[in-house]
Amino acid sequence: MFPPGSGQPAGIKDIRSNDLDCNPCMKHKVVRKAVRMFAEAELGPIARDIDRDARFPWEVVEKMRPLQFFGLQAPKAYGGAEMDSISCAIAIEEISRVSAAVGLCLTVHNSVGVNPIVRFGTEEQKRKFLPAMTGGERIAAFCLTEANAGSDAGGVETNAVRDGDDYVINGTKIFVTNGGVCGTALIFAVTDPQNPERSAGVFIVERDTPGFTVGEIEDLCGMRANPVSSLFLEECRVPEQNLLGRPGDGIKIGLATLDTGRLGIAAQALGLAQAAFEDAVRYSKERQQFRKPISSFQTIPNYLANMATEIDAARLLVYRACAVKDAGRPFGAEAAMAKLYCSTTATRVTNLAVQIHGGYGYSKEYDVERYFRDAKVTEIYEGTSEVQRMVIARAVLAQRT
Amino acid sequence: MLKMVVCMKQVPMASELPWDAATGTLLRNLAEGMINPACRSALEAALRIKAAEGGEITAITMGPPMAEEVLHEAIALGADRGVLLTDRKMAGADTGVTSYTLARAIEKVCPEFDLILCGFATIDSETAQVGPQLTEELAIPGVAYVDEIEVCGRTIRMQRRSDNFLETLEMDLPGLITVTTGVHAPHHVPLGGLQAAFDKADILSLAAEELGLDPERIGVKGSATRILNVYSPTAAKKNLVLTGAPKRIVEQLFERFDDKLGGAIGKDLKTGKRS
Amino acid sequence: MSAKKRGIWVFGDYRNYFQNRVTLQLLSRAQELAKKIDGEVCAVVFGHDVDEYVGEYIAHGAEKIYLTKHPDLKHYSMEIYTFLMERLARRENPEIILIGATAFGREFAPRVAKRLGTGLTADCIGLDINEEGLLVQMAPSFGGNLVAEIVTPERRPQMATVRPGTFQEIPHNYVRTGEVVRTPMPEGTPAERVRLIRSERFPQRGGKLEDAKVVVCGGRGMGSKKKFAKLFELAELLNGEVGATRPVVYAGLAGHDSLVGQAGKQIRPQILFSFGISGAIQHTAACHDARFIIAVNKNPNASMMKQADVAIVADASQICTTLIQELKRRIRS
């Protein structure tokens, strides 16, 4: 078992099977250890600095490439690690536990960049685009959001007009995670503006394509080491082979992709919560007031108990969604539940962690203020909590009573 | 083409040791395990030889069932198969017994080995004895604390530092070396490798009986040494704790230790004046 | 007829004689142990031009020297020495064999112990005889966090390697005499299978850290590069060297030469300042030879704080700055 307060749910036995029984087995334990050791050694020393300086740590990305962090679930044939979903969630969680911004980069790249191509791409598309992505040479970004299209994906105005054997894309995407460093972007655009829902498509656009420019990097409250930016497409011409699926498949691909995306974000939020929780436990044992550690009074242990329970529950929701996904069944509602619960847990836990640290928690000398700032956006991106509730409610109401 | 055996040990990961003051024992099972760093270097050395000369690597470990993790990690890094020696009767072994057990296992699973590689010492027991004793058990030549290795056919050439001497040595295979951590710095475990390692699962688990071990010679029974008492000098240590304002702390430090500090640095740090 | 005295043997590790005093240190301790068990202190010497060492060992307390001289033994030979020691021990049945924990000794002793079917405790930091007349061997483990008291209840000889610097040598006394028992190289001495191609004294490249009397070590608690750089200023005032932990080296705050740890350098300073270091085993294992440790950390429960002689609960960087100021003031005045 891990030392107390470090995440491995107590009481989960070390058993081998991994079907719908989502109990972690020895493989998951070893994956957790391997990623944790990597994260603490390579990201730990610089996590604070890259947040302060809003710097994307290329030097760590270099080290991640040969370890297949950029192809977590991609098939081995295309350079991926072909890991199961729980292992993938664990990897994202452990990286995010040290640097949520880097965890964000990885989960977005894997779940909404690599994953759609694996699921919906043709053999040629996979062979053409995947190896550079799984090898980490081209970091992926998924571009859906626009100024007038946030939760309302139907409001997308970016259009892709057929011209001979090509499509010409025009539009602006905002708040693109990994935007500043992406090598391959998946652009959600409509081919027939009169009929957006039926004509949406996902286009693979590589950075060096003429007409593709990266806008200024956003100056954000949290996740600052992740270069979020706008992307401008002006007469950007791509061959029709860059369209994923058939024209009109956009909504279908988008929705399916987002399911995986939100599962990854759930894991990321979980890592954040875990980090804040561990710091809170440690601090409450060290900090003395009234000649006793604050962990010996009543209020703080109550907080810690709530935090521990919520984190465990959040983790189980993630693993359950992973198990359903790996069993090949629709997992949209389960993923939405995981994302909703993990993100609200992250904001609650990080908020409490700052509170427990008292004045010191508000200082940049401690990490909890960074966790606090990082946590908020997990309730917003990849589908706001309100959207997650919509998804869950739809599933609930669709069930036969 | 070299048949290599790498001996690895799983050691506790914790830097803060869980210590049971009541029983005076180390709560080893509370700490997560990791591959002993020097054993990682030994594996790294074997991997480099495999990459250059071709070969096959068998990773072997003796420990509780959890030690199997080490073998999966070794396979993920490039070892070909793993052997776990696990048995309640093997618990409590000293290095003499450990080397006896490892030797019999190697004779069973890889009798035609060319080179055995061990880490020079573990970070928990720190004896550095198993390597040399394994050499004796198998009656092969061996060299400890090897920094660099070069394979020349059936001979290996090694460089090491031994008590202020930089030595270049040669040995004909089969033989054994213990590897230091400097040159063969280990790298991280690749995730795809881990997945494959668990899918493949080419791991053999052996108990004392299957190895044909003499029960009198293994475990606590077979150990020549006995631990009378273990104490934590850190727990028992009456150290001086200073808190408060930095200026006051530093003042106190000099008040008590200006002689000691001055002596060590060769300067007079006493001052009659107070600022 | 007097009962044969119980032999307390010390292996004569004479290589590097002026820097390597461990044999003399062990002879001095052996004398004290001998008083408790009616023992006889002997030194075992294998070599070629070794008469000078034989004289030194007698002058430092050996009552008897077992000596084997041969041109083939001009350099230390692991296999031949192991063979010779085994034969000698089987013939003379010593009670105790002590070997200095030099690099050679730490490889030699386990082989001898294995040949003799006895136990061995490595790197002892203390030796004593208990009421039962057994040799109590005190050995550290877990990076110095634990010390075990170990005995070899039944097998003989009782063997231990001892860390250099654990015991003090007694001053030489050239008036002392001792018996020299010569043993020729036996028939059937095996050939050495490890060939020594070249051996050169290596220059102390970067040995400054390993030999430094004062080391100032910095860890993650120091914070930034700017704050860490202050440690160099402090080290200079203290005539010392700067060491670092692995996370710090990884973050680029210090070079790999400064790494103090299992994968880096072992240090044994008289005074170790440990700034903002939690104390992972890989690090403490490399610095638990320090005589006096002053640790500074915000966390009073950090492993390094527990091992320290003085534990300062404060911000490491602030203490560093304050120390620099105070030292400048004192050195000036």
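In the predicted model, two helices of chain B meet through a defined set of residues, with B:His72, B:Ile75, B:Ala76 and B:Leu77 of H2(B) in contact with B:Gly193, B:Leu194, B:Ala197, B:Phe198 and B:Lys200 of H5(B). By class, the residues of this contact comprise six nonpolar, two polar and one charged. Helix H2 spans residues 68–77 of chain B and helix H5 spans residues 191–200 of chain B, and the two pack at an angle of about 120°, their axes lying 8 Å apart. Angles over 145 degrees count as roughly antiparallel and those of 65 to 115 as roughly perpendicular, with the rest oblique above that range; H2(B) and H5(B) are therefore oblique to each other.

Between chains, the contact of chain C with chain B involves 79 residues of chain C and 75 residues of chain B. On the side of chain C that touches chain B, at least two residues are supplied by each of several elements, including helix H4 (103–116), strand E8 (146–151), strand E16 (310–313) and helix H10 (316–332) of chain C. The largest share of this side, nine residues, is contributed by H4(C). In terms of residue class, the side of chain C that touches chain B is made up of 35 nonpolar, 24 polar and 20 charged residues. The contact between chain A and chain C takes six residues from chain A and eight residues from chain C, and the side of chain A that touches chain C has three nonpolar residues, one polar residue and two charged residues.

Strand pairing also links chain B with chain C. Strands of a sheet pair through backbone hydrogen bonds, in either a parallel or an antiparallel sense. Strand E14 of chain B, residues 226–231, pairs with E8(C) in the antiparallel sense over five bridges, and within E8(C) the residue C:Ile150 is the bridge partner of B:Ile227. By contrast, E15(B) and E16(C) pair in the parallel sense, over four bridges, with B:Val241 standing opposite C:Ala311 in E16(C).

The pairing of E15(B) with E16(C) belongs to an open sheet of six strands, in which the order is E15(B)-E16(C)-E15(C)-E14(C)-E12(C)-E13(C) and the pairing is parallel. At the edges of the sheet are strand E15 (240–243) of chain B and strand E13 (241–244) of chain C, each of which pairs on one side only. From one strand to the next, the twist averages 20°. Helix H8 of chain B, residues 246–265, lies across E15 of chain B together with strand E12 (214–218), strand E14 (271–275), strand E15 (292–297) and E16 of chain C, and this helix runs at about 130° to E15(B). Helix H6 of chain C, residues 225–237, packs on the sheet as well, where this helix touches E12, E13 and E14 of chain C and has a direction that makes about 175° with that of E12(C).

Within chain C, the domain assignment gives domain 1 (6–182) and domain 2 (207–332). The C-alpha centres of domain 1 of chain C and domain 2 of chain C lie 35 Å apart, and five residues of domain 1 of chain C are in contact with six residues of domain 2 of chain C. On the side of domain 1 of chain C that touches domain 2 of chain C, the residues divide into two nonpolar and three polar, with no charged residues.

Definitions and conventions: Residues are numbered from 1 along each chain as its sequence is written. Chains are lettered from A and ligands numbered from 1 in the order in which they are written. This is a predicted model: local features need pLDDT of at least 70, side-chain atom pairs count only at pLDDT 80 or more; totals for chains, interfaces and linings use all residues. Domain bounds come from an automatic or database domain assignment. Two residues are in contact if their C-beta atoms, placed from the backbone, lie within 7 Å. Ala, Val, Leu, Ile, Met, Phe, Trp, Tyr, Cys and Pro count as nonpolar, Asp, Glu, Lys and Arg as charged, and the others, Gly among them, as polar. Two strands pair if DSSP finds at least two bridges between them. Axes are lines fitted to C-alpha atoms, for helices over the stretch in contact, and angles run from 0 to 180 degrees between N-to-C directions. Angles under 35 degrees count as roughly parallel, over 145 as roughly antiparallel, 65 to 115 as roughly perpendicular and the rest as oblique.
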